[in-house]
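Welcome! Here is a friendly briefing to read alongside the sequence and the 3D view.

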Amino acid sequence: MTLIKNNLKLLLRCKVLILIVIVMVMVTGLLSAVFKDLMTDSFELKECKVGYTFSSECKYEPLKSVIETVFEDNDIDLIYYPQADAEKLVGNGAADVFISINDEGCTVYSDKEYKNESGLVKMIAYSIISQSVGVQSGNFANEYEIAVDPMPDSELYYTIAYTVYFIWCAMIVLGVVISSERKNRIGLRYRCSPASSIKRYFGYFVPTSTVIILLIAVSVAICTPLYSISWNEPLLSFVILLLGCIASAAVGTVIFSLIKNVIVSIAVEYCLIMYFGFFGGAFASYMHASFADGLRETSPIYYMIRSIVELNTMGQSDYTATTLILLCAIIVVCIPLGMIAVKLRGER
Amino acid sequence: MKDETILEFKGLSKKFGDKTVVDHISLEIKEGEIFGLLGPNGAGKSTTLNMVCSLLKPTSGNIEIFGLNASDNMKRIKNQIGYIPQELAIHGNLKAWENVELFTSLYGIKGKDLKTAIDESLEFVGLLDKRKDYAKNFSGGMKRRLNIACAIGHKPRLMIFDEPTVGIDPQSRNFILEKIVDANKRGATIIYTSHYMEEVEAICTRIAIMDNGRIIAVGTRDELVRLVTDDPNSNISLEEVFLTLTGKKLRDYAGGDYL
């Protein structure tokens, strides 16, 4: 306990921690402002004029009243055009989105500006058509809503993304203790003492975890009111963040113990975190990622961001269990690895 | 001084690659001694002490400490050794008492015993009134004293001082020498290495002279003098003894540190 306590004091007396919190809060604010337009363009639905028509003798024409009702229930006003040239109507602005329904399904025309809206219209139309058999047999549910997933705003997304990203960045705080030990040749004292490598390992791991948790807690406490973040699923979100802090400390301890040079350790950690962050959605959101799914799935940051974002926008996430299992696995694997690395370092 | 052997080397050697740094040395140190290990840089003093503290493994030979084989009983042995390294080994960003607490706790001392040990160690080196000051704000001499305090909290039977007075002012040096004698009077056996002949002459009950990894002479100051002169009234200094035995001046090796 004394080793843990004194290493914790060494960490807490490092003024760089204050800088880390300030940078975390500032970068979150900066990026949420920078990417606000991108996020808004992608997810906000604008008011628009939606026209529609049926091809001649279309088998879905009897659904006309159902279609209008369903769209109305979803706050979309439809304008019926008995005969229309869709491209012309969209081109001259008479309709922002136009849907042409035929026996094979439907075709949606829209201006580039109304990409999101046309997607929603298409989704609703297909949902109605897919239930058309039920309508024809008189079983069509007249009142139903299309479930459209709510999307995060840029403040929520980047607060979560940067909280997660900085959890992993914060593993470098262990460098404070390690560099003080190396600079002051403290290793001599450890090696002369009967203290076990397990005791020494926890002397690194516990203070690092504690400091990362503190840093993240302070940062979240500042960002939440500052950027008006509402945590809809705070308990699960904070459990994921907490496990992330512990996993980050476990990974950091392994790297610092395996690599002799502190600067090289920090460089390796930086590369790892950049990789995790880049593919995990810490810079461009995972919704806009243009790289292969396989790449982003190699990043624990991706799972953490996605599950917390979805928990706080949709109320649930299919990624929660995977994220919790992944973080626990990282911790379970890295703790014994770290013990071995500390032992090897002592012997070196 | 008691008759019990506290430390014994039997044919101890250490090689780094092809280079033999400690060459088949055998030596006995009795409980209650202040034993001086004298020799130029590269003589093998620190390597020998590192093997005693299990910082290095011997290439061959055997070390017995407190009657126990060192390679089989290192944990038990480590509990009774206090190693004061040549380099300062303290955290500048911890207060004096926190440094002592940290390093004393490595020996399994807890609670009230730990608090008592901290106060006693700091009092012993005259830093009790500075206990709440950060080590980084200490002068060179105070840091050296704190360096000692960090190694004695667990009340070791055997204290190993590896050139503890390098680079400090004469007052601090005298203070440290007094404290070494004091610790010896309280029952600790001391192994002391230094470049400074007069320090070794002043405090050591027996002295070993090392050169090129070998012990070339062992004995009290008078016994060593008798190795080079038969004159009982001779005023020959230890440095002259060293020069005669090794053909070298110690100061040639000690750089600017020798005073």
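B:Cys53 is buried, with a relative accessible area of 3%; here buried means under 20% relative accessible area, exposed over 50%, and partly exposed in between (1.4 Å probe, protein chains only). This is a predicted model, in which local features need pLDDT of at least 70 and side-chain atom pairs count only at pLDDT 80 or more, while totals for chains, interfaces and linings use all residues. Residues are numbered from 1 along each chain as its sequence is written, chains are lettered from A and ligands numbered from 1 in the order in which they are written, and side-chain values use heavy atoms, leaving out hydrogens and water.

**Cysteines**

- Over all chains, the structure holds zero disulfides, a disulfide being a pair of cysteine sulfur atoms within 2.5 Å.
- A:Cys271 is in no disulfide either, and its nearest cysteine sulfur, in A:Cys169, is 12 Å away.
- A:Cys271 counts as exposed, because its relative accessibility is 52%.

- The size of an interface is often given as the accessible area lost when the parts come together.
- Between chain A and chain B, the buried area is about 2400 Å², with carbon and sulfur atoms giving 58% of it; buried area is the accessible area (1.4 Å probe) that two parts lose on being put together, summed over both.
- On the chain A side, A:Arg13, A:Arg189 and A:Pro194 lose the most area to chain B, together 31% of what that side buries.
- Chain A brings 21 residues to the contact and chain B brings 30 residues, where contact means heavy atoms within 4.5 Å.
- Twelve residue pairs are in polar contact between chain A and chain B, both residues being at pLDDT 80 or more. A polar contact is a pair of N or O atoms within 3.5 Å; within protein, one must be able to donate a hydrogen and the other to accept it, and residues adjacent in sequence count only if both atoms are side-chain atoms.
- Helix H1 (2-12), helix H9 (174-183) and helix H10 (186-192) of chain A each supply at least two residues of the side touching chain B; helices (H or I, at least four residues) and strands (E, at least two) are DSSP runs, numbered from the N terminus.

**Salt bridges across the interface**

- Side chains of opposite charge can pair when their charged atoms come close.
- The rule finds four salt bridges across the interface of chain A and chain B, each a side-chain nitrogen of Lys or Arg within 4 Å of a carboxyl oxygen of Asp or Glu.
- One of them joins A:Lys5 to B:Glu101, with the closest N and O atoms 2.8 Å apart.
- B:Glu98 meets A:Lys9 in a salt bridge (3.0 Å, N to O), running from helix H3 (residues 96-105) of chain B to helix H1 of chain A.
- B:Glu98 also forms a salt bridge with A:Arg13, the closest N and O atoms being 2.7 Å apart; A:Arg13 sits in the loop between H1 and helix H2 (16-34) of chain A.
- Is A:Arg13 buried, exposed or partly exposed? At 23% relative accessibility, A:Arg13 counts as partly exposed, whereas B:Glu98 counts as buried at 2%.

**Salt bridges in the whole structure**

- Over all chains, the structure holds 21 salt bridges.
- Within chain B, the side chains of B:Glu199 and B:Arg173 form a salt bridge (2.7 Å, N to O).
- B:Glu199 lies in helix H7 (residues 197-203) and B:Arg173 in helix H6 (residues 170-185), so the pair ties together parts that are 26 residues apart in sequence.
- Both B:Glu199 and B:Arg173 are buried.
- Through shared partners, salt bridges join A:Lys9, A:Arg13 and B:Glu98 into one network.
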